[in-house]
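Hi,

Here is the structure I promised you.

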Amino acid sequence: MLDNEINTLNYALALDKADPIAHMREHFAIPKQASGENEYYFTGNSLGLQPKLAREAVIELLDAWQQRGVKGHFEGDFPWMPYHEFLTEQAAEIVGALPKEVVMMNSLTANLHFMMASFYQPAKQRSKILIEDHAFPSDHYAVESQLKHHGKDVENNLLLWKPRDGEELLNYDDLWQIIAQHGDEIALILLPGVQYYTGQVLDMKLITQVAHAKGIKVGFDLAHAAGNIELSLHDWQVDFACWCSYKYLNSGAGSVAGCFIHQKHVENTELNRLAGWWGHDKSTRFKMENTFKPIASAEGWQLSNPPVLSLAAVRGSYDTIKLAGGMQVLRNKSLKLTQYLLDLIALELGEKIRVITPADANQRGCQLSLMVNVAGLDGKAMYNTLEENGITTDWREPNVIRVAPVPLYNNFQDVYHFVRILKECI
Ligand SMILES: *Cc1c(COP(=O)(O)O)cnc(C)c1O
């Protein structure tokens, strides 16, 4: 075998053998095809696979509830009253934050609203929100409804950063232009860390710097970034960020989301917020008095006592990431795994597949977004054929197959088989 024969199973096997975290795959349940063989699962960008530790943690919690009833709030190794606190340190590590800056609570879109309640305070001269044109619909709806909530008309107050005609990726020059022109009128910029459709990673540090220079608050939706790429939210001075835990964080559909509020804001009790009793000072919470005294950390934004069954799944997932060695280890493998996918596609399929995700490794995470470029071959039909052949990818309108090899449970053989089957199908 020649070293450069990357399109052979032996080459993929050799890469797996050299992979220091290849064993992590054993910590996950991999869905089966009808034939009984493992699926080739490339949809960790949509719903991460189940970590065995998450299952164990949920069962432990069910047992505690069964055996202890209300006393489970205070008893056992992981009492429910402070359950979210068991997750804080690892959540902070994953997004590059101080522990006081993060809390696991609510759902992603709910957190976007709560953060905008604090960080979108329109003034007469500064009332606009800037998002990207192809923002995830939920984010777009949340932002429009916030504008309406404050009595601002959407047409004059929503600014959109769009890719240029005929292009898919966002171009920074266009963003700088909008900020130069409208900076003094913009109250908030809300952008994704990783764009869900194209897989483009945005330069969160630079965007925050440029926006802050104009007095604009900056928030990021990290749904596709948390657990995927390395983040340094604290150092980047990001004002707030929100993310779900069921994509690259493998905590199960609809599981409890994450929220980051920068240190410079967490002690500001003057900041407007939509409050609830779980955000109140822990030492006096159960005095049941009516004067709200917020906890001086991200926890001060909590509303309710959290769904501990779901937090248990998050705990099992975080422990799995920790076992692998953390985000840097995952990212190292991810860079190799996705590069292998990119190289194989170029070698085996050439022009037949157009990859719209940036080729530059700094501008992408796990995911590649593919467009089928063969006359008479419909992308959606191609996606269905892959499905029939044991390959789980996901289809996004109007025209993209998203493929995300995930370093925790995908291996180089999976990638090899994906490209082999894709080639056969074409
Ligand atoms: C997945 C995703 C969502 C989903 O929102 P939920 O509130 O978790 O249902 C929202 N925004 C983005 C950018 C996403 O990728």
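The largest pocket holds about 320 Å³ of space. For that, a pocket is an open set of points on a 1 Å grid over the protein atoms alone, where a 1.4 Å probe fits, with protein on both sides within 12 Å along at least five of seven lines; the volume is the space filled by probe spheres set on the points, which are joined across faces, edges and corners. Its lining (residues with an atom within 4 Å of a point) has 13 residues, with V201, L202, E230, W236 and N362 nearest the centre. Domain 1 (9–30 + 327–425) and domain 2 (59–323) each give at least three residues to that lining.

A word on the source: this is a predicted model, where local features need pLDDT of at least 70 and side-chain atom pairs count only at pLDDT 80 or more, while totals for chains, interfaces and linings use all residues. Numbering starts from 1 along each chain as its sequence is written, and side-chain values use heavy atoms, leaving out hydrogens and water.

Now strand β10 (residues 258–261): G258 and F260 point one way, C259 and I261 the other, and all are buried (under 20% relative accessible area, 1.4 Å probe, protein chains only). Strands are DSSP runs of E, at least two residues, numbered from the N terminus. β10 runs antiparallel to β4 (residues 102–104), with 3 bridges, and V103 partners C259. It also pairs with β9 (residues 240–243), antiparallel over 4 bridges, where F240 sits opposite I261. Pairing takes at least two DSSP bridges.

Cheers

Terms used. Buried < 20%, exposed > 50% of the residue type's maximum accessible area, 1.4 Å probe, protein only. Domains from an automatic or database assignment.
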